[in-house]
Amino acid sequence: MTDIATNNERPGQKLGLLMCVALGMGNMIGSGVFLLPRDLAPLGWNAIIGWGVSIAGTLCLAVAFARLAKKLPGGSATYTYAATAFGPAVGFIVAWSYWISCWTVVATLAVAAISNLSILAPSLGDAGIGTALLAIGFIWFFTLVNLMGVRRAGGAQLVTLGLKLIPVVGAVLVALWLYSTGDAPTPTMAGTKPISLDNIGHAATLTLFALLGFESSCVVGDRVRNPERTIPRATLIAAAATGMLYLLSCTTVTLLLPLETLEASNAAYATFFGTLVSPSTGQAVALFAAIAALGALNGFVLLQGEIPRDLAHRGLLPPVFARDNRFAVPWFTQIVSSALASIVVYANYSRGLAELFKFMVLVTTSTAIIFYIVGALAALKLERDGTIKASPAFVVVTVAGFLYSCWAFYGAEWEPGLWSIGLTAAGLPIYLAMRRARPATA
């Protein structure tokens with residue numbers, strides 16, 4: 001085994017700048033922005049401040065990751081950034097934890113799609129085996145799409161991104177129209193929690209879930225055309241564009257709908273349009289929101305296959321995880337990852353859609369933050385060692401991204417935090433066993 005993942009796909013099968021931006025934005029604009037207003041509504045002004053903190057922190061991380069991607073464009077960033085700075089053991093654990101976040105977010109997005117579709121078919125809002133099986137069906141449909149090649153998955157991402165932008169941008173346009181005509185409801189924060197550091201931290205953790213995925217093109221470095229140039233640009237564009245859309249759109253929904261209305265809704269954007277425009281518009285938006293969740297699901301299915309593939313090529317997972325089908329897709333890894341996501345959905349469907357979504361958001365976010373924390377530390381170490389040449393401003397921005405990541409991890413509830421640590425620690429025996437079997441690799 002070599003230390004560098006090999007590729008079977010031809011240059012024409014790789015992702016260019018447009019598809020990389022679509023991958024990043026498509027993975028970010030998934031279920032979070034459409035469902036989070038319900039969970040953020042009780043936090044009131046803390047939620048708006050939390051959005052500002054999350055967007056600023058994410059942009060700081062995007063700057064750090066863009067610089068790392070320019071220097072270390074090959075392989076999966078989840079391994080290469082940490083391994084280059086701190087050694088293969090840290091690289092493996094970070095990659096392992098991020099892989100876990102990928103298949104847990106796949107499960108979360110499948111649940112989110114069902115939640116939005118429950119506006120059109122209310123029976124889907126009840127926890128039950130049928131609901132769970134439908135969510136699992138979505139997971140396997142997009143697994144099949146990804147098994148047909150990275151370009152097909154990228155094409156699906158472009159199409160779904162265009163559709164999901166309609167309600168996000170539309171909410172802002174509706175608000176501007178209502179204010180221009182004088183028909184806008186008076187914004188109110190009545191009954192919400194007072195501003196405090198703990199409440200802002202909790203809001204920042206929830207909003208970070210909606211920003212997960214800005215690093216998507218970094219994770220699939222071997223699948224990108226001209227990665228040292230394409231990945232940094234795609235990372236920054238996706239983070240900045242999506243952050244601005246979120247700040248305007250989600251805040252609009254939170255401000256213009258009453259707290260009790262949002263708390264009772266399984267699909268906040270559909271409720272927003274249904275209340276302020278027309279019921280039929282709300283139903284149409286529910287469909288768009290479901291498409292958004294499914295589009296992000298497609299993107300994270302792509303990511304969940306690349307990480308074990310990269311580790312297997314480095315001799316850190318069994319060779320079967322690196323086996324590609326004729327479309328250069330790691331078929332075994334995809335099947336294992338989607339099976340795990342399906343088990344998560346099936347084992348937890350009795351929680352109900354709202355509780356299941358919130359719990360899985362926090363588990364996924366807590367696990368993904370490990371990559372952000374270590375990635376920021378890697379950028380600082382490599383800058384100090386002279387591997388990365390950067391200005392003092394870069395150091396300040398990267399430190400801010402690191403502190404933000406630590407704060408967001410702290411803001412998660414203790415149960416999801418313990419789940420993320422436990423799932424990450426489960427990779428240690430596998431790493432030790434693989435190192436013992438192949439001591440000269442990685």
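Is Trp-51 buried or exposed, in terms of relative accessibility?

Tutor: Trp-51 is buried, because its relative accessibility is 1%. Buried stands for under 20% relative accessible area, exposed for over 50%, and partly exposed for what lies in between, with a 1.4 Å probe and protein chains only. The model is predicted, so local features need pLDDT of at least 70 and side-chain atom pairs count only at pLDDT 80 or more, while totals for chains, interfaces and linings use all residues. Residues are numbered from 1 along each chain as its sequence is written, and side-chain values use heavy atoms, leaving out hydrogens and water.

The aromatic pairs come next. Searching the whole structure gives 17 aromatic pairs. Rings of Phe, Tyr and Trp (its six-membered ring) pair if their centres lie within 6.5 Å; planes under 30 degrees apart are stacked, over 60 edge-to-face, and the rest tilted. Trp-51 pairs with Tyr-246 in a tilted arrangement, with 5.3 Å from centre to centre and 55° between the planes. Helices here are DSSP runs (H or I, at least four residues), as strands are (E, at least two), numbered from the N terminus. Tyr-246 has a relative accessible area of 0% and is therefore buried.

A second pair is made by Tyr-98 and Phe-371, and it is edge-to-face because the ring centres are 5.2 Å apart and the planes stand at 70°. This pair also joins distant parts of the chain, with Tyr-98 in helix 5 (residues 88–117) and Phe-371 in helix 15 (residues 353–385), 273 residues apart. Tyr-98 is buried at a relative accessible area of 1%, and Phe-371 is buried at 1%. Both rings belong to a cluster linked by ring pairs, which also contains Phe-65, Tyr-81, Phe-214 and Tyr-372.

Arg-67 sits over Phe-394, at 5.2 Å from the ring centre. The criterion is NZ of Lys or CZ of Arg within 6 Å of the ring centre and within 35 degrees of the ring normal.

Now the charged pairs. Side chains of opposite charge can pair when their charged atoms come close. There are 5 salt bridges in the whole structure, a salt bridge being a side-chain nitrogen of Lys or Arg within 4 Å of a carboxyl oxygen of Asp or Glu. Arg-223 and Glu-306 form one of them, with an N to O distance of 2.9 Å.

Arg-309 counts as buried at 1% relative accessibility. Arg-223, Glu-306 and Arg-309 are linked with Asp-324 in a network of salt bridges. Another salt bridge joins Asp-310 to Arg-314, with the closest N and O atoms 2.9 Å apart. Asp-310 is buried at 3% relative accessibility, and Arg-314 is buried at 4%.

Leaving aside neighbours within four places in sequence, Phe-321 is in contact (heavy atoms within 4.5 Å) with residues including Pro-308, Arg-309, Ala-312 and Pro-330. Phe-321 is in the loop between helix 13 (279–313) and helix 14, and counts as buried at a relative accessible area of 14%.

Helix 14 (residues 331–348) holds Gln-334, which is buried at 2% relative accessibility. Beyond four places in sequence, Gln-334 touches residues including Asn-146, Val-301 and Gly-305. Asn-146 is in helix 6 (residues 129–147) and is buried at 2% relative accessibility. The side chains of Asn-146 and Asn-298 are joined by a polar contact of 3.1 Å. A polar contact is a pair of N or O atoms within 3.5 Å; within protein, one must be able to donate a hydrogen and the other to accept it, and residues adjacent in sequence count only if both atoms are side-chain atoms.
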